[in-house]
Structures are given as C-alpha cells and as structure tokens.
Amino acid sequence: MVKPKTEEEIELLRENAILVSKTLAEVGKAVAPGVTTNELNRVAETFIRDHGAIPSFLGFEGFPAAICASVNDVVVHGFPSDYVLKEGDIVSADIGTLWKGYNGDSAYTFPVGEVDAETRKLLDVTKASLYKGIEAAVVGNRIGDIGYAVQSYVESFGFTVVRELEGHGLGKEMHEEPGVPNFGRKGKGTKLVDGMVLCIEPMINAGSRGVYLARNGWAVRTSDHRNSAHYELTVVVRNGKAEQLSTFDFIEKDGMIKF
C-alpha cells in the first residue's frame with residue numbers, strides 16, 4: 001500500500017522541487033563547449049548549499065558528486081569529471097536536494113551548442129513523452145497507464161525505452177514506492193490515488209534499448225553507444241490533472257533552450 005502525502009508534506013516537496021528546478025537552470029547556463037562536467041557539478045552544489053539545502057546525491061550509497069552528469073551514450077548516473085563538453089554533445093543533469101527532511105529530484109538533457117537533427121528529435125520526443133506520462137498520472141489510473149503513455153509515444157518515432165531503470169515515489173526518502181516504469185499496459189499496476197507524489201523520468205535511446213553497467217558500478221550506457229536522453233519532473237496525482245511540483249520553466253522561459 002503506497003501512502004499518499006499530506007498537503008503539508010506536498011508543500012515541503014514543492015519547495016525542494018522549485019529549488020531543484022532553479023538549480024537545473026543554473027547548470028544549464030553553464031553548459032557550453034569547453035566546460036567540464038566537474039564545473040557543472042560545482043555550479044549545482046554551490047547553488048544548493050547557498051540556498052540552505054543539501055545535495056542529496058552526494059554520498060548516496062557512495063555516489064561521489066552532487067549531480068549525475070551523463071554525456072551522450074550515458075543514460076544515467078554519470079560521474080562528473082574532467083571531460084570537456086564539445087559542440088554537438090548532449091549532457092543530462094540529474095539533481096537532488098534534501099531540505100527540511102524532504103527530497104527534490106529532477107533532470108534535464110541539455111544540448112551543447114548545436115546538435116544534429118536526429119539528436120534534436122531525440123530530445124524533443126523524450127521531453128514530450130514525459131508530459132504524456134504526466135497526463136496519465138491522475139486519480140483512477142494505474143502505474144501502467146503512465147508507462148504505456150510514454151512507451152507508445154516514443155516508439156511511434158522509432159526510439160526505444162530503457163527497461164532496466166524507472167521513476168519512483170518521492171518523500172522523506174529519495175526513492176519510494178511505487179516504481180514508475182516507462183513502459184507498460186493500460187490498467188495494470190498500482191492504482192493512483194490523490195496525493196501520491198511521483199518522479200516520472202523517461203530514459204529514451206536513439207537506437208536499441210539495450211544498456212550495460214560501466215566498470216565504475218554506476219554509469220549506465222547504451223549497448224550500441226548511440227545517444228540517450230533523460231528528463232524528469234515531480235508531480236502529485238490529482239483528480240483530472242496531475243499537479244507539477246518541479247518545472248522546466250526556469251530553463252526554457254528565459255530563452256536558454258530553444259525548441
């Protein structure tokens with residue numbers, strides 16, 4: 001039984017979600033050819049701490065950084081490093097906060113300079129699939145409805161869904177029940193009730209859906225080494241329409257990213 005959050009808990013999760021959203025925008029401002037992913041990590045950690053929160057990823061099960069910085073064929077959990085971003089790369093920044101005992105979690109895949117047409121399409125379709133999933137996160141539906149919405153959309157464009165990784169519930173713990181796969185069947189899985197807080201996060205590959213775990217035990221890469229994109233937002237299940245807690249508005253409404 002998945003326990004829905006109280007309205008007081010949702011407000012604390014909202015505050016974390018806004019901080020994560022603003023942190024992603026700060027990272028986005030720094031994304032450019034010639035910048036290292038370590039620098040993106042520094043920007044995020046500084047911003048989070050300057051706002052009185054803790055970067056929740058840092059030290060989580062031994063993770064060595066404040067953000068996951070996943071470049072090109074790295075699906076998720078990439079370590080920030082001295083890698084220098086170059087024109088045409090993509091980098092997914094996945095960021096978490098811990099403030100007042102609750103967590104925030106959101107991700108965005110940034111193009112580095114100009115990217116080719118296939119990569120642009122991958123980014124556009126992956127982000128659009130996230131909103132398709134959010135549309136299905138309403139009272140009376142089931143987890144499978146979210147996964148079906150994501151899967152059916154991305155596969156119609158010839159892209160593939162990573163099946164070994166999924167979204168999750170969020171609260172006092174970074175990862176709570178229920179799991180939220182990006183594939184599924186309508187009407188199957190946990191029933192959605194008012195007040196459930198979910199992180200929906202499509203991880204979509206340009207090529208095959210196969211992935212493997214890198215030697216560091218964290219980074220997940222595509223088996224064919226083609227690009228993968230990842231977007232994540234936190235929502236509350238509600239009647240009729242899900243309520244978004246995190247947002248990409250701080251990134252996109254300032255004209256930083258053009259779609």
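The largest share of the lining of the largest pocket, four residues, comes from β8. A pocket here is an open set of points on a 1 Å grid over the protein atoms alone, with protein on both sides within 12 Å along at least five of seven lines, where a 1.4 Å probe fits; lining residues have an atom within 4 Å of a point. Strands are DSSP runs of E with at least two residues, helices are runs of H or I with at least four, and both are numbered from the N terminus. This is a predicted model, in which local features need pLDDT of at least 70 and side-chain atom pairs count only at pLDDT 80 or more, while totals for chains, interfaces and linings use all residues. Residues are numbered from 1 along each chain as its sequence is written, and side-chain values use heavy atoms, with hydrogens and water left out.

The largest pocket has a volume of about 400 Å³, a volume being the space filled by probe spheres set on the grid points, which are joined across faces, edges and corners. Its lining counts 24 residues, and H77, E166, H168, H175 and E201 lie nearest the centre. Both β7 (167–169) and β8 (176–180) supply at least two residues of that lining. By class, ten lining residues are nonpolar, six polar and eight charged; Ala, Val, Leu, Ile, Met, Phe, Trp, Tyr, Cys and Pro count as nonpolar, Asp, Glu, Lys and Arg as charged, and the others, Gly among them, as polar.

β8 and β7 belong to an open sheet of five strands in the order β8-β7-β9-β14-β15, with antiparallel pairing. The edge strands, each pairing on one side only, are β8 and β15 (243–244). Two strands pair if DSSP finds at least two bridges between them. β7 and β8 are joined by two bridges, and G167 has V180 in β8 as its bridge partner. Helix α4 (residues 143–155) packs on this sheet and touches β8 and β9, its direction making about 40 degrees with that of β8. Contact means heavy atoms within 4.5 Å; axes are lines fitted to C-alpha atoms, for helices over the stretch in contact, and angles run from 0 to 180 degrees between N-to-C directions.

Further along the sheet, β9 and β14 pair in the antiparallel sense over four bridges, with L233 in β14 as the bridge partner of I200. Both faces of β14 are covered, as L233 and V235 on one side and T234 and V236 on the other are all buried. Buried means under 20% relative accessible area, exposed over 50%, and partly exposed in between, with a 1.4 Å probe and protein chains only. β14 and β15 pair over two bridges, and V236 stands opposite E243 in β15. Six residues lie between the strands of this hairpin, where G240 takes a positive phi near 85 degrees.

Helix α3 lies across β9 (197–200), β14 (233–236) and β15, running at about 15 degrees to β14.

A second sheet, also open, has three strands in the order β6-β10-β13 with antiparallel pairing. Its edge strands are β6 (160–161) and β13 (228–230). Two bridges join β6 to β10 (residues 203–205), where N205 is the bridge partner of T160. α3 packs on this sheet too, touching β10 and β13, and its direction makes about 35 degrees with that of β13.

D124 sits in α3 (residues 117–135). It is partly exposed because its relative accessible area is 31%. The C-alpha atoms of D124 and A229 are separated by 9.4 Å, although the two are 105 residues apart along the chain.
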